[in-house]
Structures are given as structure tokens and as C-alpha cells.
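User: Please take a close look at one β-strand of this model and at what surrounds it. I would like a connected account of its partners, its crossover and the packing around it.

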Amino acid sequence: MATDLLVGLLDFLLPRACALCGEGLSGPPQDEALCPACLRAIGPAGPILPPPAPLAAAGAAGPFDGPLRTAVHLFKYAGRGDLAGSLGRRLARALPEALPALASERDLVVVPVPLHLARQVDRGFNQAARLALPVARALGAPVAAGALVRQRDTPPQTARDAAGRRANVRGAFAVRHPVTGTALLVDDVVTTGATAAACAEALLDAGTRRVLLAALARAGR
């Protein structure tokens, strides 16, 4: 009851609005930045088939278009880091449909795809690490934010074909803290899966048993 009263008071003093449509927001969680209608418009969730080797399985909360595309752009490029909670929880709710393989996993560690330090300093945060926190909370799993590092600043993948993307990120990642059991990679957008596959290769070489990928959005391949 006290929590509900506090949330109500905060909503009165600091009114919130949906980042996409401007609809007023009220009630918990206080870090919600998207209204129910805009959240429902994200989807459909589903597995990414076939997942690029050596990933065991991959899935996404929805296609990289419409409201999800707008939300990702606001999150990454327009200073709307407050979208992390809403988007991360939406990804977590999509996982039973997007990654059914998770249901059988018990020894799970959530590993965000890392940014190079220079890119992270420029942006101010690693979007994958922000998304990973609510995902890990929903799964009751630990987050190994420093398990992987990007040891060289790779050029953007956007203009490259699938082969070029694989070559661009080959050997770009290193394991700082080995992860045993199953690693659940978390990223914002997956296209060919080349970045996630390079992360998975580094993790598996360092002793991880299995690597899955949970992406917020899947782009055209």
C-alpha cells in the first residue's frame, strides 16, 4: 500500500508520458517509458532460424520496424536511456516464445554483447548491458557484464553483406571472465547474427557449454 501511494505521488509530481505516442503513464514500475498499447505493438516474438553457428538457438522480441525501430533509435541515439527498463522487460516477456530452449536451462548466465570502450564512452552506456539487467531479473539469473570484451573497435556493420559482417568481427571479442554452463547473450538488434556468433565462439573456446542469443529486434537478413 505504501509503495502504491508513493508511486501515485510521484506520478502526480512528475507526470510521465510514453516515449512513442505521448500517452500519459501511471502506476508501477516507475521507470516504465512506454504505454501498454505501444508495448503490445512490439512483435511478434519468435525464434531466429537457422541461428548462425555456433549459437545453439536465437530469438527476438519482434521485427526491427514500426514502434520497435523507433524505440531502439531513441534508446541508442537520442539519449533515451530510460527506455532500457521497458524494452528489457518486453524482451524478457517474449523469451518463452522466442527462445523455448531456455525452459530446459538451469545453469544460466546472462552476458551482454560488449561495446568497444571508445564507443561506450561516446554513447554513455552499453545498450545491451542495460537491456540485460531486466532480462536477468526476470530469469533469476546472474549478469556477467564483464565476461566479454570487444578488443578492437570494429567499423559499423550496416553497409556490409553477410560475409563482410563475419570478417569484420572475426577475433574482435575476448573472454575476460570465463562462463561455465549456458551463456545467454543479450543484444539490441540482430541482422545476420555475425556479432553474436563471434561472441559465442570466444565464449565456447573459453569453456562455456552452450550459447543462446536473445535480441530485442531482428532486422532483415
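Analyst: **Strand pairing and surroundings**

In strand E9, Gly 62 has Ala 217 as its bridge partner, and Val 189 also stands opposite Ala 217. The model is predicted, so local features are described where pLDDT is at least 70 and side-chain atom pairs where it is 80 or more, whereas totals for chains, interfaces and linings use all residues. Residues are numbered from 1 along each chain as its sequence is written, and side-chain values rest on heavy atoms, with hydrogens and water left out.

Strand E9 covers residues 210–218; strands (E, at least two residues) and helices (H or I, at least four) are DSSP runs numbered from the N terminus. Seven of the nine residues of E9 are buried, where buried means under 20% relative accessible area, exposed over 50% and partly exposed in between, with a 1.4 Å probe and protein chains only. Two strands are taken to pair if DSSP finds at least two bridges between them. Strand E4 (residues 57–63) runs parallel to E9 and is joined to it by six bridges, and within this pairing Gly 59 stands opposite Ala 214. Strand E8 (residues 182–190) pairs with E9 in the parallel sense as well, over eight bridges, and here Leu 185 faces Leu 213. From E8 the chain passes through helix H8 (residues 194–205) to E9 in a right-handed β-α-β crossover, a label that applies if, with the strands pointing away from the viewer, the path from the first strand over the helix to the second runs clockwise.

Strand E4 is itself mostly covered, with seven of its seven residues buried. Besides its parallel pairing with E9, E4 pairs with strand E3 in the antiparallel sense over two bridges, and Gly 46 stands opposite Ala 60 in E4. These pairings belong to an open sheet of five strands, in the order E3-E4-E9-E8-E5, with mixed pairing. Because E3 and E5 stand at the edges with a single partner strand each, one side of each is left without a neighbour in the sheet.

The loop between E3 (46–47) and E4 contains Pro 50, which is joined to Leu 49 by a cis peptide bond with omega about -10°.

Turning to the packing, nonpolar side chains tend to be buried together in soluble globular proteins. A nonpolar core is here a set of buried Ala, Val, Leu, Ile, Met, Phe, Trp, Tyr and Cys residues joined through side-chain atoms within 4.5 Å. The largest such core has 44 residues, of which Leu 34, Leu 87, Leu 91, Leu 99, Leu 184 and Leu 216 touch the most other members. Among the elements that each supply at least two residues of this core are E4, E8, E9, strand E5 (108–112), helix H3 (66–77) and helix H4 (84–98). The most comes from H4, which gives seven residues. Apart from this core lies another, of 28 residues, including Val 111, Val 179, Ala 183 and Ala 196.

Helix H4 is mostly covered, with twelve of its 15 residues buried; Leu 87, Leu 91, Leu 95, Arg 89 and Arg 90 are among them. Leu 99 is in contact (heavy atoms within 4.5 Å) with Ala 57, Ala 58, Gly 59, Leu 184, Leu 212, Leu 213 and Ala 214, leaving aside residues up to four places away in sequence.

Ala 144 and Val 111 are 33 residues apart in sequence but 5.2 Å apart in space, C-alpha to C-alpha. Ala 144 counts as buried because its relative accessibility is 18%. Leaving aside residues up to four places away in sequence, Ala 144 touches Val 109, Val 110, Val 111, Pro 112 and Val 179.
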